[in-house]
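User: Could you walk me through this structure? I'd like to know what the labels really mean.

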Amino acid sequence: MRRFLDYYRQFEALAPEEVSRELRERRDEQRARAVTEQPVLDLASPAWHEPPHAEIVNAATFALRRAVNAYTDAGDLAGTLAARHGVEPGRVVAGHGAGELLRAACQAILAGAGGEVPIAWPGWGHLPRLVGEAGGRPVGVPLGRDGAADPASLAAAAGPRTRAVALASPNDPTGGTVDAAAIRRLARELPAGTWILLDAALADFDTAGGDLAALTSELDRLLVFRSFSKAHAMAGFRAGYAVGPLGEQELLARLAPTLGVSAPAQAGMAWATANVARHLPRRRALAAAQRERLAAALAGSQLAFPAGTGPLVWLSSAAHTGAELAAHLAARRIFVTPGSAWGDDRHVRVALRGAEATDRLAAALRDLPD
Amino acid sequence: MPRNDPTDTGGLFIGRRPGTAPLRYRAAPERAGERRRRADAALAALVLALETLVCLSLWGPQPVAWLWIGSQVDYRTGSISLALLVTFAGMLATLMLTLALAARMDRAWRILRRAAGHEQQQGSLSRIFAVTAIVVLVAFSFWFAIIEGPAPSLAPR
């Protein structure tokens, strides 16, 4: 009889409470496991780690829902960008990010003639390749002790074959900045006709240095490149612009993409530029706060980085190589860019995120063996 | 990671509708052969028929039985109040007992149906209860209005 009843008991379905209990136990087990798992912390990418302002996405989405069958007109955007720097709209060229505009500038300036391009180094990692692709020869010029480009060294490196010099402010990877006076001095000391390519992709993090793009009104061989990938958190839009001097419309036209920038990118750039006060101060403050937080956490240790601006930190240790630092952090699932990417074996580049990430980085660095 | 993907609903509308989850057993049942399944199917039909009869008893036999008992109480005690109390309390008590019995039969029916090879999720008690109520109501109305005819004051015999 018991066997007979057991046969039918096996067809009794589990009550919803029992099913839920089983699922809850599985969830608790997964959560418990998640606590012990260390998530990956990517501090290698220089792109901003948060999404862009929601209104930027809205503006881009709105643009996509309009007449995307038509070619775009960059006129309004150029006006908005120019107004931010107090220059004429004809001196502003929107493009697919500062990197593409720098590539176009190298091609335009070096085309046919080649020549040397002294680059404040370590600087933006792709620049030497872009110079080489354009037929030029990149020449690394060491930075000053503060991690910023040294105008005197750049000027000294410029010779008769020099067509342009390149520097960044704030500098990627060190965060060092140059001010308007330094750029003016550099322009004065360079041989006549030499272009200054100023990569200002991180400039939105720097308020102390002033608006270097406005210098194009007084320096006739200055090109300033701005990006939306960093402080505007729009790396996926591939959006940037260049500002050049008066009377160089032909050169500026060669920097522009053949048929302009996409409608969503234009809409996003226009909103971001017209509303900088709504979204940049918070990120600027966050980057500065994390720099200070990391500096405070590393005070008294063998680790140090130049005081600078922005979310990128050029970290070194008195007792470890950059490769050792990167390997030590990677073992704790924190990924940074080894300095070997710039030919430097003493440093690593760290892209700062929020306070939690900074604390985890600091804790991992404190575990470094002597 | 940026989370501005418009298709990312945060979990809303993902998964099945409530009450449509497949049956979950404590362990995968070991099913018997075809003959046993056919016998289980026949047994399930029998249980369903009994369940229907039990439900039907709620609408006729049980109230009539309690009215008879109430009349006996009235006859023996001479108290109409006590008779009414016994009738209603008794009807309520047997209603509860009948429903408890029907619920057990319904559970047995579900298990037999599953043993017979059907994915039987729900019982049939609520449907039987509703259908028997409607059938009895229709039958009573037919008897009252057609067979028995209107009240004598309206259509004296």
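Analyst: Chain A has 13 helices and 13 strands. Helices (H or I, at least four residues) and strands (E, at least two) are DSSP runs, numbered from the N terminus. This is a predicted model, where local features need pLDDT of at least 70, side-chain atom pairs count only at pLDDT 80 or more, and totals for chains, interfaces and linings use all residues. Residues are numbered from 1 along each chain as its sequence is written, and chains are lettered from A and ligands numbered from 1 in the order in which they are written.

User: What makes strands β3 and β4 of chain A a pair?

Analyst: Pairing takes at least two bridges found by DSSP. Six bridges join β3(A) (residues 116-121) to β4(A) (residues 137-142), so they pair. The two strands run parallel, and one bridge links A120(A) with V141(A).

User: Why is the β-α-β crossover from β3(A) to β4(A) called right-handed?

Analyst: Point the strands away from you: right-handed means that the path from the first strand over the helix to the second runs clockwise. Here the chain goes through helix α6 (residues 127-133) of chain A, and this crossover is right-handed, so that path is clockwise.

User: What makes a residue of chain A count as buried, and what percentage does?

Analyst: A buried residue has 20 or more other C-beta atoms within 10 Å of its own, with C-beta atoms placed from the backbone. Of the 370 residues of chain A, 47% count as buried, so 47% reach that cut-off.

Methods: A residue is buried if 20 or more other C-beta atoms lie within 10 Å of its own, exposed if 12 or fewer, and partly exposed in between; C-beta atoms are placed from the backbone.
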